[in-house]
Amino acid sequence: MTTFHPETPKKCPPKDAVSPNGNFFRFVFNNPPIPDDFVIWVYEPENKHYLDDRKRKGDCGAFAMSMLSKEGITRSRGLFQHPLKKKAIQRNSFFGLAQVKLDSNSGKIKKTGQNPHHYDLWPYLNSKLEYNRVVSRNLKCYFAKRRI
């Protein structure tokens, strides 16, 4: 079924979003990842209070989740390591990166923002992205050994 989260504004995702095809990466707080690792931005625990405002403004990005291309891992780690590590400590959880295989059944994706390797993914409700995980590791593994 190709339905997005019911709170998603009607104009979202943007018309130039496409079906993904390939491996993308996402910061996760569980290993293996669980559905909570693949929620849209406005449903992350720290952001839920923005729901009404973002919906009223039709903010498409708030109803997507961030994904990275392989090339974006190092840059994003540098930018977001401290706030994400803090979030992991608050959640008393693992902090790592999951490689996820995305295809036309996953949702719609679009390159967004200043980072040329950042994408917004509007997942389909039934996409169950946690089952598309190829691998997930603690961030230290990704950067100490440069396995990716």
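The protein chain has three helices and six strands, where helices (H or I, at least four residues) and strands (E, at least two) are DSSP runs, numbered from the N terminus. Read from that end, the elements go β-α-β-α-β-β-β-β-α. What you're looking at is a predicted model, so local features need pLDDT of at least 70 and side-chain atom pairs count only at pLDDT 80 or more, while totals for chains, interfaces and linings use all residues. Residues are numbered from 1 along each chain as its sequence is written, and side-chain values use heavy atoms, with hydrogens and water left out.

Let's start with the whole chain. Of its 148 residues, 45% count as buried; buried means under 20% relative accessible area, exposed over 50%, and partly exposed in between, with a 1.4 Å probe and protein chains only.

Now look at the neighbours of β5. Two strands pair if DSSP finds at least two bridges between them. Strand β2 (residues 65-68) pairs with β5 in the antiparallel sense over four bridges, and Ser66 stands opposite Asp120. Strand β4 (residues 107-111) is also antiparallel to β5, joined to it by five bridges, and Gly107 has Pro123 as its bridge partner. In the hairpin of β4 and β5 there are six residues between the strands, and Gly113 takes a positive phi near 75° there.

What about the inside? In soluble globular proteins, nonpolar side chains tend to be buried together. A nonpolar core is a set of buried Ala, Val, Leu, Ile, Met, Phe, Trp, Tyr and Cys residues joined through side-chain atoms within 4.5 Å. The largest one in this model has 12 residues, including Phe24, Met65, Tyr119, Leu121 and Leu129. Two or more residues come from each of β1, β2, β3 (96-102) and β5, and β3 gives the largest share, three residues. Follow Leu129 and you'll find that, leaving out residues up to four places away in sequence, it touches Phe38, Met65, Val100, Leu102, Ser106, Leu121 and Pro123.

Next come the aromatic pairs, and there are three of them. Rings of Phe, Tyr and Trp (its six-membered ring) pair if their centres lie within 6.5 Å; planes under 30 degrees apart count as stacked, over 60 as edge-to-face and the rest as tilted. Phe4 and Tyr124 make a tilted pair, 5.1 Å centre to centre with 40° between the planes. Phe4 sits in the segment before β1 (22-28) and Tyr124 in the loop between β5 and β6 (133-138), 120 residues apart. Phe24 and Tyr119 are edge-to-face, at 5.2 Å and 80°. Because Phe24 lies in β1 and Tyr119 in β5, this pair ties together parts that are 95 residues apart in sequence.

One last stop is Glu44, in the loop between β1 and α1 (51-57). Its relative accessible area is 13%, so Glu44 counts as buried. The side chains of Glu44 and Arg26 are joined by a polar contact of 3.3 Å; such a contact is a pair of N or O atoms within 3.5 Å, where within protein one must be able to donate a hydrogen and the other to accept it, and residues adjacent in sequence count only if both atoms are side-chain atoms.

Terms used: Contact means heavy atoms within 4.5 Å.
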